Every structure is written in structure tokens, then in C-alpha cells.
Amino acid sequence: MYSQHSSEKPVRNISRIKNLLTSRRTVSFKNVLKNASKHLRSAGITLMAIILFAGTVMSAYCLEGTGNVGFKPDFQSNKPSYSSKNDLFDTDENTVCVKLTVRGEKEFTADVSDITVGELIDSYAITLDENDVVNYRKDEKVFDGMNVTIDRITTETYTITNDIPYATITNESQTIPKGTTKVITEGVNGSKTETVKETYINGILTDTEVTQEALAEPVNEVVETGIGGVYTDKYGKSYEYSYYMDVTATAYGTLSGITATGKAIDFGMIAVDPRVIPLGTKVYLTGSTYGDMGVHSAEDTGGSIKGNKIDVYLGDDYNTLMQFGRRTMRIYILL
């Protein structure tokens, strides 16, 4: 009986020990899980803190360090949003290089993506006025290698009044002494206005446009120049003359007398107005109805002989004097 009782007791102890070990193992595993869960939560909180800290630093850099080139806080959703203009956050593989030239003075080069020309200009806080011209539309998308220029185009307009010089028209004449000139019509300058429009691009003169308007037309001057000539009579004999003139001729005659030059009156002499034909001048006298009368000399004057008038001495034959009477003649002033 004792041996059986002893053998049962050890069995009960072993069973108790097994139960105890099982219970302790269960408790230990639960503790391990509990501790692991605590560590994971702690690591997660730490990671979230690091992410939030990095986001705060980068946001501050965008707002303060780069002049707010693209960060746009969204105060309604309390979440930051980012413009495609922001070079710091733009990692788009479609980034392009764009050059911006402002009024020929400033140049900017930017690496941007998916923005318009207008947005590019706004990003540099450039204010355009009515004289500024952009070589691309503001709504046009930028592209790689694009060169955007802003030119300031201004104009200046003013009016000038100038003379229009008259022209001189020269005509050859055989009615004035050879080698002399005579003004037939006085020249008068005209006048005109010139409206000048100057165009400047970035302060540099690039174009000048002149519009003219006549106020008064000029009056041309007409001048005659004596060239002389040669007269050939009916016998073929030539006489070189300085000029010719048409006169009214009257016959006169006397038995004797002394001329104004102190010579005895004779055939081949004429009386003249010395203001028109100087005394002593040799002339060739001819007429369409009377024919050639040949060479005569201006030797006398008369009270009634004024201007283009002459008296031709024809002797004392009354019939000859009456036949000649008064007629138009042409006299060539001989050289």
C-alpha cells in the first residue's frame, strides 16, 4: 500500500509542474507581444514626428528662402498646395529651360514646367504697361529653349515747317544781248510741313517715318540767256549778231544836216532811242514787206523816237518817203 501511494504522488507532482510551466510560458509570450506592440507604437510616433518636422522645414524654406516662387497655402483645407512653377518641388521630367529678356536690360533663365508665358512673367513680379510688347501670347505654354522678350516700344511725333525751293528754268534767247541773262519770272519758294514719327525700342531709335504736306507750291524762276545768232541775207551773205528786236520804223529825209554823233546825215543811218540802241551801233535792217535794207548805223536821235522806234533816212524824195511810210521792221544788232 505504501509503495502504491508513493508512486502516485510523483505522478501528481509531475502533472502539477507541467501545468505550472504551461501557464508561465503563456504569460511570458503575452508579455512579449505586449512589449513589442509598445515599441511599434513608439517607433511610429517617432517616424511621424520626423516627417512633420521635415515638412515644416521645407515649407519654411519655400516661403522665406525662395521668395514664395510656387508654394500656395490652402487656408480652407489647411493643406499646402504646390504650383508647377516651384523649382524646388518640381521633379517633373518635363522641366524645360526658358530665357526671359526684359526691355533689353535684364535676362533671366529658369527651369520650369507646365506654365504659361504670363505665369513666367508674374513669377518675376514684372509689371507691364501699355508700351510693353511680349513676343508670345501670355496664355501660350513655355517650351524648352524658348526666349521670351519684353520690349518697350515708344514713339515721338513732331512737326517741322520747311521751304520748298523754287526751280530755275533757263531758256535760250536771241532777243537779249548775247552772254547776258534776263529774269522773266521771279522765283518764289513754297512751304511744306513735315510730320516726323520716331519709333524707339527699349530707348533705341529703330525707325523714322516722315509725312509731308505742301502748304504753298513754289513759283519757278524763268530766266533767259542771250545766245546770239547768224543772219544770212538774200544774197547768201552772213552777219553774226548779238540779238534782234522788232521795231516800228518811219522814213525821214532832209537835204542836209548833222546827226547827234556829229556826222553829216547820209543813207544807211538811222535815228534811235539811245537808251534802247546805243549810238554808233551797227544793225542789219530787214522787213517782211520791204525786204532787206542792209547794214545801218545808229547815228541820230529824235524827240518822238522813244523805246522800240527808229527813223530810217531815205533822202529827200517825197514819193520814196511816202511809199515807205511807217512799218514794222526787224533789226539785228551786229557784233
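**Salt bridges, cores and a hairpin in the predicted chain**

Asp139 counts as exposed, with a relative accessibility of 55%, where exposed denotes over 50% relative accessible area, buried under 20% and partly exposed the range in between (1.4 Å probe, protein chains only). The model is a predicted one, in which local features require pLDDT of at least 70 and side-chain atom pairs count only at pLDDT 80 or more, whereas totals for chains, interfaces and linings use all residues. Residues are numbered from 1 along each chain as its sequence is written, and side-chain values rest on heavy atoms, with hydrogens and water left out.

The side chain of Asp139 meets that of Arg137 in a salt bridge with an N to O distance of 3.1 Å, a salt bridge being a side-chain nitrogen of Lys or Arg within 4 Å of a carboxyl oxygen of Asp or Glu. Arg137 likewise counts as exposed, at 55% relative accessibility. The structure holds 11 salt bridges, including one between the side chains of Glu194 and Lys192 at 3.6 Å, N to O; in that pair both residues are buried. Glu299 forms another salt bridge, with Lys263, in which the closest N and O atoms lie 3.3 Å apart. This pair links distant parts of the chain, since Glu299 belongs to strand S16 (residues 294–300) and Lys263 to the loop between S13 and strand S14 (269–271), 36 residues apart. Glu299 counts as buried because its relative accessibility is 5%, while Lys263, at 42%, counts as partly exposed. Salt bridges with shared partners also join Arg103, Asp129, Asp132 and Arg152 into one network.

The chain contains three helices and 18 strands, these being DSSP runs numbered from the N terminus (helices, H or I, at least four residues; strands, E, at least two). Of its 335 residues, 29% count as buried. Among contacts (heavy atoms within 4.5 Å) with a separation of 6 or more, 65% are accounted for by residues 24 or more positions apart. The accessible surface, from the Shrake-Rupley method with a 1.4 Å probe and, for residues, only the protein chains shown as cover, comes to about 22,200 Å², of which 53% belongs to carbon and sulfur atoms.

The largest nonpolar core has 20 residues, and those with the most contacts inside it are Ile310, Val312, Phe324 and Ile331. At least two residues of this core are supplied by each of S13, strand S15 (282–286), strand S17 (309–313), helix H3 (318–324) and strand S18 (326–334), with S13 contributing the largest share, five residues. Such a core is a set of buried Ala, Val, Leu, Ile, Met, Phe, Trp, Tyr and Cys residues joined through side-chain atoms within 4.5 Å. Leaving aside residues up to four places away in sequence, Ile331 touches Tyr243, Tyr244, Met245, Val247, Ile277, Val283, Tyr284, Leu285 and Ile310. A second, separate core of 16 residues includes Leu100, Ile121, Ile126 and Ile150.

Strand S13 (residues 238–252) also pairs with S12 in the antiparallel sense over four bridges, where pairing requires that DSSP find at least two bridges between the strands. The two strands form a hairpin with five residues between them, and Gly236 in the turn has a positive phi of about 90°. Within S12 (residues 229–232), Gly229 and Tyr231 make up a covered face, whereas Val230 and Thr232 make up an uncovered one; Val230 stands opposite Glu240 in S13.
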